[in-house]
Amino acid sequence: MDSNNNLEQNLGLEGPTNPMVSPLLTDLYQFTMAYAYWKSGKHLDKAVFDLFFRKNPFGGEYTVFAGLEECVRFAATFKFKEEDIEFLRTTFPPTCEEGFFDYLRGINCSDIEIYAIPEGSVVFPKIPLMRVEGPIAVVQLLETPLVNLVNYASLVTTNAARHRRVAGSSKILLEFGLRRAQGPDGGISASKYCYLGGFDATSNVDAGRRFGIPLRGTHSHAFVSSFMAADSVRGTFSETNHSELAAFMSYALAFPTKFQALVDTYDVMRSGLPNFCAVSLALNELGYKSQGIRLDSGDLAYLSTEAREFFCAIEKEFGVPDFGKMTITASNDINEETLDALNKQGHEVDAFGIGTHLVTCFAQPALGCVFKLVEINGQPRMKLSEDVSKVSIPCKKRCYRLYGKDGYPLVDIMTGENEVPPKERQRILCRHPFNESKRAYVVPQRVEELYKCYWSGNSGKREPLPVLKEIRERCLRQLAEMRPDHMRGLNPTPYKVSVSAKLYDFIHFLWLNEAPVGELQ
């Protein structure tokens, strides 16, 4: 394979966000297989692999695909450094031939092609998110990092989308998870993909710098408790905590146009809220408008309702326009269930700061993406299993989304690469890949082909990578296009994933050919 040290510069792509994503970020068996391929002369065999998942996360019936951009950037910069080669030499037995390391020095992704569903799309089990083609040894070396880059990205994006669905489109959602995330990379990735999934802003300053995500934040309880009454306040002001009042005054002096206070350090109703209103009224006299409060504990439904009534009373009493519309933000271990419960109780929260349950994907820690060989040198391959859910769908495929009369997607269908594509207003038989009784005719009103080429080696003929804001817009648009019963939290309707009649017949023909025949005596 010809080496091209400037492949990424030629195609105008930088490397992945995390510099730790390198060719060595893989499992050892990828290298042992690469050596065995090379030793047997199979390393240049043309292979096709599918990256997909088998089950939607969080008990739902949809997933949002994310991580594609990072995968393409990884492919663009895939190249072993000399220190990588030297380290690998220490991990292999001394019998390993030197020619293999020379081979590793020369490889990149100039002979690799990546076809994928656009990032931010709503996707479903069994449908390949990505199809990777190229020399089998190189594709195997890509497997682990590609799966790693897609797995968490898609999981946390889906989690964010689910929180957005429950909260509703009118609420502001803030990602506050950096301190609880699984390490720095988990924090940066969570901020990026939560924004993709529908959140409005993040507290993560570095994510704001890297990705242009809006930043939001107030202050902590420590800031409030660091003040003493004597620092700034003399005399008596009602029954509120005077040191809290001093803290609010100090913060308002620092940020008169963005004053937002955390009001639950001592007592929300008897101290935090009155102190906030006193400072806000003073700011109003000086021509400034406060932004609002944050509640981080207690009964959020009750406290937010009481706070709204308090603000409305202040507006009426002092004649301050829009004081009653002050923004109320709530945090404190919020998850999907919390949002749903607040909706049922009734509340006055305008914005939610969500951290631990969001970025750690507390309800489900992994998506379970897999990477399976489906074709080698033009010959379809198939993985069998006693567990039918783990049987792979062979051969290079094309995938389509079929839409019904009401505009909603009806079914995703996989066909063989050379089959005639489905056509609008023409009936097509859609079959379950493994259950012969599950089949239906569909007359699509619109047909959307799902795959686009995002990497084609040296040719440069690929789809441009959209910016994060465009991917986010695609995600929100796709979620809005789905039928509501597929999206609901309780007992959602499964979305249908099918194969063409021709591909169904071929799957079962190959299955019978590959499965061993037992003998009874």
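Keep in mind that the model is predicted. The chain has 521 residues, and 54% of them count as buried. Its secondary structure comes to 18 helices and 20 strands. Taken along the principal axes, the C-alpha atoms fill a box of roughly 95 × 55 × 50 Å. As for how the sequence folds back on itself, take the contacts between residues at least 6 apart in sequence: 72% of these join residues at least 24 apart.

Now the helix pair. Two packed helices are described by the angle between their axes and the distance between the axes. Helix 12 covers residues 268–285 and helix 13 covers residues 300–318; the angle is about 35 degrees and the axes lie 11 Å apart. The crossing is right-handed. Which residues meet there? From helix 12 they are Val268, Met269, Leu273, Pro274, Phe276, Cys277 and Leu281, and from helix 13 they are Leu303, Glu306, Ala307, Phe310, Phe311, Ile314 and Phe318. In this contact 13 residues are nonpolar, none is polar and one is charged.

Last, the empty space. Rolling a probe the size of a water molecule over the atoms shows where empty space is left. How many cavities of 30 Å³ or more does a search of the whole structure find? Three.

How values were computed: Residues numbered from 1 in each chain as written. Predicted model: local features only at pLDDT ≥ 70, side-chain atom pairs only at ≥ 80, totals over all residues. Heavy atoms only, no water. Axes fitted to C-alpha atoms, helices over the stretch in contact; angles between N-to-C directions. Helix = DSSP H or I, 4+ residues; strand = E, 2+ residues; numbered from the N terminus. Left-handed = near helix turned anticlockwise from the far one by under 90°. Contact = heavy atoms within 4.5 Å. Nonpolar A, V, L, I, M, F, W, Y, C, P; charged D, E, K, R; others polar. 1 Å grid on protein atoms, 1.4 Å probe; cavity = no way out; pocket = protein on both sides within 12 Å on 5 of 7 lines; lining within 4 Å. Points joined across faces, edges and corners; volume = space filled by probe spheres on them. Buried < 20%, exposed > 50% of the residue type's maximum accessible area, 1.4 Å probe, protein only.
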